[in-house]
Amino acid sequence: MLNLNKRSSDRNSSGVKSNHPALVFDPRLCTGCRTCEMVCAQSHFGTVSSGKAAIRSLCLEEQGKIFSIYCQHCQEPLCLEVCPVKAISRNAEGLVCLDSKACVDCGLCIAACPEGAPLRDPETHQVQKCDLCKGEPACVAACPSQALRYGPAKSPSWIRFPRWAVQAVAFFLLVIVLVGTVCSLSLGDFNLTCPVGFLQEIVASQTIILATIASALILLVLTVFFGRVFCGWLCPFGFILDLVGRFFPRFGNPKILRARQTKYSVLAASIVGSAAVGHQVFCPVCPIGTVCRSYGVKDFFFGSGLAVIPVALALEIGEKRNWCRYLCPVGALFGLMAKVGLMKVVIGAHQCKKFSCMECAEVCPVGIVDKEMLREGVSPALSMAECIMCLRCVEHCPYGAAKVRLKGQAVRPHGVEGFSVTPVTGTSREPSS
Amino acid sequence: MSEELERRVEQIMTESGVFRCVECGKCVVGCPMAKMYASFSFEISPRGVLKKALLGPDPMKDESIWFCTECNACTETCPEGVSCRDLTAGLRKLAVEVGMAGQGLFCQHCGKLFLPSHVMKYLEERLGKVQWQFLHLCPPCRRERYVLLNS
């Protein structure tokens, strides 16, 4: 049976991870001439009847939409799982191959494919599937408008270098060089105050020191402009999590722990608690503050407030950045700011290959790319309150679908207009004559 | 059963060549249903469906017609060219017309019959308990949905 919780790391060891070049279609360039269908049938069967082709141009004239349906060679092919005669297999390169000799044309692969990509010849009922023509697709060569392209998938993997560099420098500065912490740091005339610590301080002492308002606002304004870049690029504790997290086992969180709202409660509780107690209640156990307060290596291991660090590190088992996802009140406050922020990370529906790739969902450290949506064939919208702007999705997307945009910029709609699917209630429904 | 229905069953059987069957059983050999259902038996095999159509009074009322995937493996091996697919498809269509499509699944968008529930059960068995909407759409509607999602 198909194991939906399988991760790419497991796939690497047990199965094949495809690295073959991909066939990419751009609907903006397609004119619907159907040359691709004809050359496909021509090169495989020696006839130009487009019903035999393994690619199909679909023109929805009412909606003014045009698209090509062809096999995407999924990482986790559903057709392979359901084929009763084992005619579908993945070869060493990760191509999903259909053995036409073994195939009995039962069409179960079509019934399992989210896209309905294996195509049935209306005359002979034969099932056809794109085989990428052994590396030289005839449709790509023949496409007059270059709407079909074929080539190695490219992802801007260089993003990781500036990110790691910035994280390391920020860690070095905040923890080792600068005396003071991110909680309250001064470098000459420049002041930086943790906004959560600042809020706790206000309610605890019931006095506002005007000078700290500006320094507390620095990080908030940064978040409004660029999203939660502090969490993804600057936070010293996040850097530790990113470093050690690579060696932790990943098996997913139990459902009961997946309440992202918890961190807002922690934020509210720490502010209310500070007001009640009269001093900052969260700051002494804050992992970020604790890391910052440990001056040098000796204090890093023997500092006083290190109690919460093992807990936060233990949370890292199972999923990446669990502390940041569910509990960190600093992240919660930045999340509220990022909600009204000017930036967004989007997964463009045009380029995204959805269920066949799911690379972004694999690499997202805060797990906000909804895998189930991708499996349905929908490019999910990302919640900017949760996104830590690490840009790993942009870095790994082979098709350039994940990108950073301004809040107001239009992107492809994430829903299906004019196509309603009623939720399944019974096993059958009366046909609407 | 009215005479009209009887005549149409007769027509389906003639068109699919059921009367040419020599009962060699080769159709069962290549049938993918054997690998799909643990409960595969003579009853639901192409030969069983064919025999019931020949003998029984109301072949479209029988549940055994709702297992076939409508491939063509049986016809390819049949020495007489009997098409069990056409027989099953015809009987299913008739069953829907007379309101006995208890085992048929209809596309959630266009409402056409597209898969028997037993085949869906097999799919769910292979894929795990999944709640994907696309599984309940017929292939043309599914492609249309994908196009609308993408362009």
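## Exercises on a predicted two-chain model

In chain B, 60% of the contacts between residues at least 6 apart in sequence join residues at least 24 apart. The model is predicted, and the exercises below treat its values as computed.

**Exercise 1. Determine whether the radius of gyration of chain B agrees with that of a compact globule.**

Solution. 
1. Chain B has 151 residues, for which a compact globule would have a radius of gyration near 15 Å.
2. The value for chain B is 16 Å, which agrees with that expectation.
3. The C-alpha trace of chain B spans about 50 × 35 × 25 Å along its principal axes.
4. As to burial, 46% of the 151 residues of chain B count as buried.

**Exercise 2. Describe the secondary structure of chain B and its division into domains.**

Solution. 
1. Eight helices and two strands make up the count for chain B.
2. Their order along the sequence is α-α-α-α-α-α-β-β-α-α.
3. Domain 1 of chain B covers 3–102, and domain 2 covers 105–150.
4. The centres of these two domains of chain B, taken over C-alpha atoms, are separated by 23 Å.
5. Eight residues from domain 1 of chain B and six residues from domain 2 of chain B take part in the contact.
6. On the side of domain 1 of chain B that touches domain 2, six residues are nonpolar, one is polar and one is charged.

**Exercise 3. Characterise the side of chain A that touches chain B.**

Solution. 
1. The contact between the chains involves 45 residues of chain A and 42 residues of chain B.
2. Elements of chain A that each supply at least two residues of this side include strand E2 (56–60), strand E3 (65–69) and helix H3 (78–82). Helix H4 (108–112) and helix H18 (371–376) of chain A each supply at least two residues as well.
3. By residue class, the side of chain A that touches chain B divides into 27 nonpolar, ten polar and eight charged residues.

Technical notes: Residues numbered from 1 in each chain as written. Chains lettered and ligands numbered in written order. Predicted model: local features only at pLDDT ≥ 70, side-chain atom pairs only at ≥ 80, totals over all residues. Domains from an automatic or database assignment. Contact = placed C-beta atoms within 7 Å. Nonpolar A, V, L, I, M, F, W, Y, C, P; charged D, E, K, R; others polar. Helix = DSSP H or I, 4+ residues; strand = E, 2+ residues; numbered from the N terminus. Rg over C-alpha atoms; globule rule 2.2 N^0.38 Å. Buried ≥ 20, exposed ≤ 12 C-beta atoms within 10 Å, placed from the backbone.
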